[in-house]
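Student: I have a sequence and a model on screen, and I would like to learn how to read them. Can we go through the model piece by piece?

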Amino acid sequence: MPRPKRQASNKKSLAPPVTVTKQRLLTRTRDLEALLAIAQTATQSLDIEKILNDTLDKSLEILGFDVGFIRVLDLAKMGMVVRAVRGLRSPEFLAGIAPVHSDRLNVTRIVFESKEPYVCADIRKNPIYKNRSMEREGVISTAAAPVMSKSRVLGIIVLGSRKHHRFAQSEINLLTAFGSQLGAALENAQLYEQVNKSKAYIENLVENAGDAIISTDMEHRILTWNRAAEVIFGYAKEEAIGQSLAILLPSGQLKELVELAEKVQIAGVLHNLEVRRKRKGNSVIDVGLAVSPIFDQDQTIAGFLHLAKDITEKKRFEKRLKELDKMKSDFVSNVSHELRTPLTAIKGSVDNMLDGIIGPLNEKQVRYLVRIKSNVDRLARLINDLLDLSRIEAGKIDLNPTYLPLLSLIQEAAESIRPIAAEKLISIETVYPDAGVKAWADRDKVIQVVTNLIGNAVKFAPAHSEVTVRFEPDGDEWVRISIADMGPGIPPGEADNVFDKFYQVAQVNRQKVRGTGLGLAICKALVEMHGGKIWVESDVGHGSSFSFTLPARQPFKLKAPSD
């Protein structure tokens, strides 16, 4: 009897591949555990050497290899240097630099440029390993992965085996992940190291600065106190920190800290303050002070920074210089007054003799008396200049300004110089766009300035040349007067010095020009007393032009004219 056929089942097997799924989960779990172990190892320290060595050890342990090293990018050496190594001893390899920008291809360059791992199952057959230093130590298979952070390659991590090994994709993925974990930790450690170096550098600068550098909180409690502060104020760092800055204030000045704090909060930074401060032991010194705010991360003022310099000696010298300057001015004034009396008598006697009061004179006597008169006049001008300068420095000259028509004033000054100019056949020309221009100034002082400048121009101008005097408005608030000559000019290096007292421009291959070197200094002082300024423009070999400004009207608040 035939056996009945078994009906075919339409149902498919529902049994899941339990073994495969479980294996994948176990593998994934091991990978995650490995990554966690590497992450913990890499982040448990900020010491770069410890991070590199611990990470390399953990990587070798997890992946089961016996050879490995980590190279780190060194920008100064334009390549990567070995910073951690296991299983390799070759001095040539350990000391070598793997270039990242090289014509010769190497593993370091490949990983650096591609940012991808590089795997080699047998380095003996790979021409890229031309150095053969690893091969000589018995290494056969290697895998290199980039140490990266934020898309930047900071180094490479390389693991190797002395047995022929075909790296599984899971091993390569893990090594790449290890490199990323190490990159993040390495960057943090490098940043920390840089911050510490910068902090140490700044602290060293502050500690060894020549000025006292003191920081305080809002209640003026001292937070930092450098070595210069110890020297200047006599308190050791341990004595000062935590104390109120009021320990440095002389009695009666306790409100000064509050006033300084208020001014800093309004103005920001206070410069060039000169204050009195008390040292340990209660001696008082003069201090040059600057105070600035210290801001917190919210840009709120959290304290104040005081920079102090001992200027006691400087102030003492300044006081002594003022005393000596006054003594000098008094001496010059007294001597000048004493000299004027006999000079006046000599000049009067010479004038009488030349006028024939004592009888007729022969030609030789007249010549000698004219020479005496000329030198007496020169000496009188010198004494007058010294007296003017002495009075200016002592502040004893007052201005009596009025509205001055400049045309008549300049013509008067020019006429007084014209006889001297005629001897050299020099013409004096006056140029003006508006004859009605006026200045608000002291007439006598302006004539003195203009006469001096025209006289100087004639003195230095060559024969048969021209001196030009020009006046014109300079904006709405000022008038400008310029005196130009065709003389030898002033070298650029000397133009800034011609208004200094007793300074005279060196005349190369020329006879020394007579003069005291006081005229331009007096002109500068008189112009500045009016609120104006004076300057010179010169072209060597083509002459000079001296210009000055005066107020055009009675000033209330005038801005100084721009250059």
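Tutor: This is a predicted model. We begin with a loop: S151 is found in the loop between β5 and β6.

Student: Is S151 buried or exposed?

Tutor: A residue counts as exposed when its relative accessible area is over 50%. For S151 the relative accessible area is 53%. S151 is therefore exposed.

Student: What is the phi of S151?

Tutor: Most residues other than glycine have a negative phi. S151 is not a glycine, yet its phi is positive, at about 65 degrees.

Student: K150 is in the loop between β5 and β6 as well. What is its phi, and what is its relative accessibility?

Tutor: K150 is not a glycine either, and its phi is positive, about 55 degrees. Exposed means over 50%. K150 counts as exposed, with a relative accessibility of 68%.

Student: Which residue does Y118 stand opposite?

Tutor: β4 pairs with strand β5 (residues 141-149) in the antiparallel sense, over 3 bridges. Y118 has its opposite residue in β5, and that residue is A144.

Student: V139 lies in the loop between α5 (133-136) and β5. Is V139 buried or exposed?

Tutor: V139 touches V67, L88, I123, M134, G160, S161 and R162, leaving aside residues up to four places away in sequence. Its relative accessibility is 1%, and buried means under 20%. V139 therefore counts as buried.

Student: How far apart are the C-alpha atoms of V139 and H164?

Tutor: Along the chain, V139 and H164 are 25 residues apart.

Student: Now to helix α12 (residues 406-423). Why does its end-to-end distance agree with its number of residues?

Tutor: α12 has 18 residues, and at 1.5 Å a residue it should span 26 Å. The C-alpha atoms at its ends are apart by that distance, 26 Å.

Student: Where is the kink in α12?

Tutor: The kink is about 45 degrees and comes shortly before the proline P419. It lies at I417.

Student: Which strands and helix do the buried residues of α12 pack against?

Tutor: The buried residues of α12 include L406, L409, A413 and I417. An α-helix has 3.6 residues a turn, so residues three or four places apart point the same way. The partners of the buried residues of α12 are β12 (402-405), β13 (427-431), β14 (438-441), β15 (466-474), β16 (478-484) and the helix α13 (443-460).

Student: Which strands are at the edges of the sheet of 5 strands?

Tutor: This open sheet has mixed pairing and the order β13-β15-β16-β18-β17. Each edge strand pairs on one side only, and the edge strands are β13 and β17 (534-539).

Student: At what angle does α13 run to β18?

Tutor: α13 lies across β13, β15, β16, β17 and β18. Its angle to β18 is about 175 degrees.

Student: K445 lies in helix α13. Is K445 buried or exposed?

Tutor: K445 touches I397, D398, L399, L526 and H530, leaving aside residues up to four places away in sequence. Its relative accessible area is 15%, and the limit for buried is under 20%. K445 is therefore buried.

Student: At what angle do the axes of helix α11 (residues 363-393) and helix α14 (residues 519-529) cross?

Tutor: D385, D388, L389 and I392 in α11 meet I522, A525 and L526 in α14. The crossing is left-handed. The axes come within 10 Å and cross at roughly 35 degrees.

Definitions and conventions:
Residues are numbered from 1 along each chain as its sequence is written. This is a predicted model: local features need pLDDT of at least 70, side-chain atom pairs count only at pLDDT 80 or more; totals for chains, interfaces and linings use all residues. Side-chain values use heavy atoms; hydrogens and water are left out. Helices (H or I, at least four residues) and strands (E, at least two) are DSSP runs, numbered from the N terminus. The expected span of a helix is 1.5 Å times one less than its number of residues. The bend at a residue is the angle between axes fitted to the seven residues ending there and the seven starting there. Buried means under 20% relative accessible area, exposed over 50%, partly exposed in between (1.4 Å probe, protein chains only). Contact means heavy atoms within 4.5 Å. Two strands pair if DSSP finds at least two bridges between them. Axes are lines fitted to C-alpha atoms, for helices over the stretch in contact, and angles run from 0 to 180 degrees between N-to-C directions. A crossing is left-handed if the near helix is turned anticlockwise from the far one by less than a right angle, and right-handed if clockwise.
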